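Trainee: Please take a close look with me at one part of this structure, the pairing of charged side chains. Then tell me what surrounds that picture.

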Amino acid sequence: MPTIGKGLRDNFDWPLFVTVAAVAVIGVTNLYSATSAAREALQDLYIQQIYWLTLGAGVAVLIVAIDYRHFERFGYAAYGVGIVLLVLVFLLAPEIRGSQRWFRVGGFSLQPSEIMKILVIVALAKYLHNDPKTDGRTLKDLVIPGMILAVPMGLILAQPDLGTALIVAFIFGSVMLLTNLKIRSLLTLLAVFVASAPLTWTYLLKDYQRERVTTFLNPEADILDSGWHAHQSMVAIGSGGFWGKGFMQSTQNQHRFLPDQQTDFPFPVWAEEQGFLGVLLLFFLYVFLILWGLKIASQAKDRFGAVVAVGVSAFFFWHTLINLSMVSGIAPVVGVTLPLFSYGGSSVLTSMMGIGLLMNVSIRRFSF
C-alpha cells in the first residue's frame, strides 16, 4: 500500500488538477454573481454547487484510487446498469417541463442520462480494447459500437433530451474517428445523417425543438418569446467589452433579463462582468484541459486507457463547444451545460467522474 500511495503522489497530474480547480472556482464565483439578483430560492445555489463539487471530488478520488484496468473488466456491467436507470426514468421520474429526466434523491435531483455519457465511453473503450483490428475500420466494424450508442441514445431522445443525445452521439463519433475510422466510412455516415435530416425534423423533433431551430435561423422573428434567451445572451456578451463591467455588475443579469443564468447561460454573465480578457482566460482553461486530455491519451500504455482519455476529452470538447455556440448565437439553444461552470449536481458529478478517469490514466501511464 505505501508503494501504491508513493506512486500516486510521484505521478500526480498537477496541470490537470490545477486547471480543473481553476474552472471550478471561477464557476462558483460566477454562480454567486449570477444568482445574486435572482429570486430567493436560487440565491444559495452556489453553496449547493460547492457541495456537489466536494462530492464529485470524492468520487474522482475513489476512481483514481482504483486501477482503471479494473473498470475495463466491469465496463459492460456498468453500461447495463446505466441502461436500466434510463428505463426506470420513464417509470419513476416525475414529468418536469414536458420531459422525464430526473430522479429525486432526498433534496437533490439525479439525471441518469448525464452519467450515461461516461458509461458509454467506458463501454466503447472496453469493446475497442478487446477488438484485435488494427487497420482502418469500415462501416461493418461499426455495427457493435453503433449498438452501444443506439440503445442509450434512443432512450435519451424519448425523454426527450436532444442536447444530451447529441453529446453522446458526438462523443461516439469522436472516439471512432480518433481510433482509426476510415475516411470513406466517415463520409458515408455524414451522407446518411444529411439524408435523414428531413425525417428527423418531421418525426423525431418535438414542436419546441423545431421552434428553437427556426428561432436560430431567424432570431428576430419572435424575440420576446422563443428568441428571448439567445437575444439576451448575445446582448450580455457584447456589452462586456474588453475589460468587462466588474463583478456583480452584469446589467442583463442584475435586471433579470437573462434567463437560466445558473444552468445553460452562466457564460454570458461571466462575459459581461469580466469582458474579453475574462472570456480569453476561461477559453484558455478549457482548451488546455481538452488538449491535455488528448496528451494523456497519446501516452496511455493500453488501448482501453487511450480510448477512455479520448472519450473524456471529447466529452469536454463537445460540451464546451455547443454551450458557447448556443449562448453566442452560433447554434440553436439545446440545453447543454458548460462543464464545471454551470450549476447542476448530475453535470458536476459526470464531469468529475471524467476527470477522475483522466487522472487515473495519467498517473498509471508509468506503472506498467
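Mentor: Gladly, and a definition comes first: a salt bridge is a side-chain nitrogen of Lys or Arg within 4 Å of a carboxyl oxygen of Asp or Glu. Keep in mind that this is a predicted model, where local features need pLDDT of at least 70 and side-chain atom pairs count only at pLDDT 80 or more, while totals for chains, interfaces and linings use all residues. Residues are numbered from 1 along each chain as its sequence is written, and side-chain values use heavy atoms, leaving out hydrogens and water.

By that rule the structure holds five salt bridges. Glutamate 114 and lysine 117 form one of them, with their closest N and O atoms 3.0 Å apart. Both sit in helix 6, three residues or about one turn from each other (helices are DSSP runs of H or I with at least four residues and strands are runs of E with at least two, numbered from the N terminus). Glutamate 114 is buried because its relative accessible area is 6% (buried is under 20%, exposed over 50%, partly exposed in between, with a 1.4 Å probe and protein chains only). Lysine 117 is buried as well, at 2%.

Lysine 126 pairs with glutamate 72, and here the closest N and O atoms are 3.1 Å apart. This pair joins distant parts of the chain, since lysine 126 belongs to helix 6 (residues 112-130) and glutamate 72 to helix 4 (residues 68-73), 54 residues apart. Again, both partners are buried.

Now look at aspartate 67 and arginine 69, whose side chains meet at 2.6 Å, N to O. Aspartate 67 is buried, with a relative accessible area of 16%, whereas arginine 69 is partly exposed at 32%.

Among contacts with a separation of 6 or more, 76% join residues 24 or more positions apart (a contact means heavy atoms within 4.5 Å). One local example is threonine 19, in helix 2 (residues 14-34). Threonine 19 is buried at 7% relative accessible area, and beyond its neighbours within four places in sequence it is in contact with Leu285, Phe288 and Leu289.

Rings of Phe, Tyr and Trp (its six-membered ring) pair if their centres lie within 6.5 Å, with planes under 30 degrees apart counted as stacked, over 60 as edge-to-face and the rest as tilted. The count is 14 aromatic pairs. Tryptophan 14 and phenylalanine 17 make an edge-to-face one, 5.6 Å centre to centre with 90° between the planes. They are three residues apart in helix 2, so about one helical turn separates them. Tryptophan 14 is exposed at 52% relative accessibility, while phenylalanine 17 is partly exposed at 42%. Phenylalanine 315 and phenylalanine 316 are edge-to-face as well, with centres 5.0 Å apart and 90° between the planes, but both of these residues are buried. Ring pairs also link Phe12, Trp14 and Phe17 into a cluster.
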